[in-house]
Amino acid sequence: MRGARHRPPFLLRVTTTILMLPVNEAQRIVLDRAVPRGATVCPLAHVRGRVLAVDLLADRDLPAFPKSMMDGIAVATGPAVQFTIVDEIPAGRMPTRAIKPGEAARIMTGACLPEGADTVVPVEECEFDRDHVTIRQSPRPGQHVQPVGREMRLGEVIVPAWTVLNPAAIGVLATVGCITPHVYPMPTLAVLTTGDEVVEPANRPGPVQLRNSNGPMLVVQAGPACTEVRYLGIAGDQSHELKAKISSGLSADVLVLSGGVSMGTRDLVPGVLQELEVESHFHKVAMKPGKPLFFGSRGNTLVFGLPGNPVSSFVGFELFVRPALRKLAGHRSPLPGSLRLPLAEPFRHRSDRPTYHPAHVAPAEVGESVRPLPWSGSPDLKGLVAANALAVLPAGEHEYRAGEVVTVIRLPE
Ligand code: AMP
Ligand code: MG
């Protein structure tokens, strides 16, 4: 157990509370500001992952006719086990005649039962002799028949509003002919990286420069959650340059900046945002990595200033930007789901802030277990490559035993 002896001293705790928001509190502030826009229509081919804005109703009974579930014969239930075959009914063809007692129609899967028949005997249980058929035992009424409206009834709500449209839901939309469903629009996003020391990956960095990993990373991180991701390039650490690029990014629903939000004399982003009338909602979160995280808004535009160290940018995106994008797109549970999993091996952790540690979840003897990965801190993006999760480790010092249960956030693939 994390004992009282690991609690930070009183003064540190007080300062921490005043200056740094707990992650869940900061997430609440973000989600309060992320209000979905009005519904739009979207072609079926592009609705995967979108949130349905209105209840979807069945436009007819389904099946619309008593439907055979097997290839076989359609007959009337009764003691008879011998029948004369009088018709053959393939799927999609209207039966042309009714069945009388002692008669049978060959019927295919998906075909409509003829009048007079109420049951189907599968072909495997039939013995055919030219236009006669014998069955081993008298069938149960309604066997292998899907009655009218078994799947859905005209006017019934078949997919409720707020459903996230997965492939099955898209199939259901198609079933009722809804080819342009009403969904919540996905947001547009702009990404701006900052830093005099950062050069684009195609360029050779000078002796005290490095290549821009955050720009390409954030663009693809956001991709599936947005209708458009606009990459604004790199702004140097000068007010005029930042101002011009940030201004252009403020036309998006969400603007994500990387770098320039800490306490250095060249961390100009918060000041420039203020000049551009972006209202600040918070600027520090009690988390590791990524403490100096800025969140503000101007009108409907949400602005995130993520710290420049790559893992800070990544984690800040997953904890705050992705939930905002999901909420804007109509998701009712926009926060990343967390689960409790046992550790695969012992692990020692020490930090003054709750830590989101790159981790790998894998099948274990029973269920799954989590293994914190070797990771040297916020600049160590390489340490995140094999991660499919973040282990959430509380502040303090703790020797975790193998099998001890920790909180885990799964990362999207
Ligand atoms: P900053 O948040 O601007 O103080 O940046 C913190 C550190 O993150 C810097 O020292 C850089 O080494 C690194 N960094 C900032 N921006 C990027 C970027 N776009 N790609 C890779 N590393 C970056
Ligand atoms: Mg910087």
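Student: In this predicted model, what is D61 in contact with, leaving aside its neighbours within four places in sequence?

Tutor: D61 is in contact with V148, G149, M152, R153 and L154. The residue itself is found in the loop between β2 (56–57) and β3 (67–68).

Student: What makes the pair of D61 and L154 a polar contact?

Tutor: A polar atom of the D61 side chain lies 2.9 Å from the backbone nitrogen of L154. The cut-off for such a pair of N or O atoms is within 3.5 Å, so the pair qualifies.

Student: Why is D61 called partly exposed?

Tutor: Its relative accessibility is 23%. Buried means under 20% and exposed means over 50%, so D61 falls in between and counts as partly exposed.

Student: Which residues have the most contacts inside the largest nonpolar core?

Tutor: They are F304 and F320, in a core of 41 residues. Elements that each supply at least two of its residues include α2 (23–33), β20 (301–306) and α7 (310–328). The most comes from α7, with 10 residues.

Student: How do you know that this core lies between domain 1 and domain 4?

Tutor: Domain 1 (21–37 + 185–328) and domain 4 (338–410) both give residues to the core, so the core lies between them.

Student: What is F304 in contact with, beyond its neighbours within four places in sequence?

Tutor: Among the residues in contact with F304 are V30, V254, F294, F320 and A324.

Terms used: Residues are numbered from 1 along each chain as its sequence is written. Chains are lettered from A and ligands numbered from 1 in the order in which they are written. This is a predicted model: local features need pLDDT of at least 70, side-chain atom pairs count only at pLDDT 80 or more; totals for chains, interfaces and linings use all residues. Side-chain values use heavy atoms; hydrogens and water are left out. A nonpolar core is a set of buried Ala, Val, Leu, Ile, Met, Phe, Trp, Tyr and Cys residues joined through side-chain atoms within 4.5 Å. Buried means under 20% relative accessible area, exposed over 50%, partly exposed in between (1.4 Å probe, protein chains only). Helices (H or I, at least four residues) and strands (E, at least two) are DSSP runs, numbered from the N terminus. Domain bounds come from an automatic or database domain assignment. Contact means heavy atoms within 4.5 Å. A polar contact is a pair of N or O atoms within 3.5 Å; within protein, one must be able to donate a hydrogen and the other to accept it, and residues adjacent in sequence count only if both atoms are side-chain atoms.
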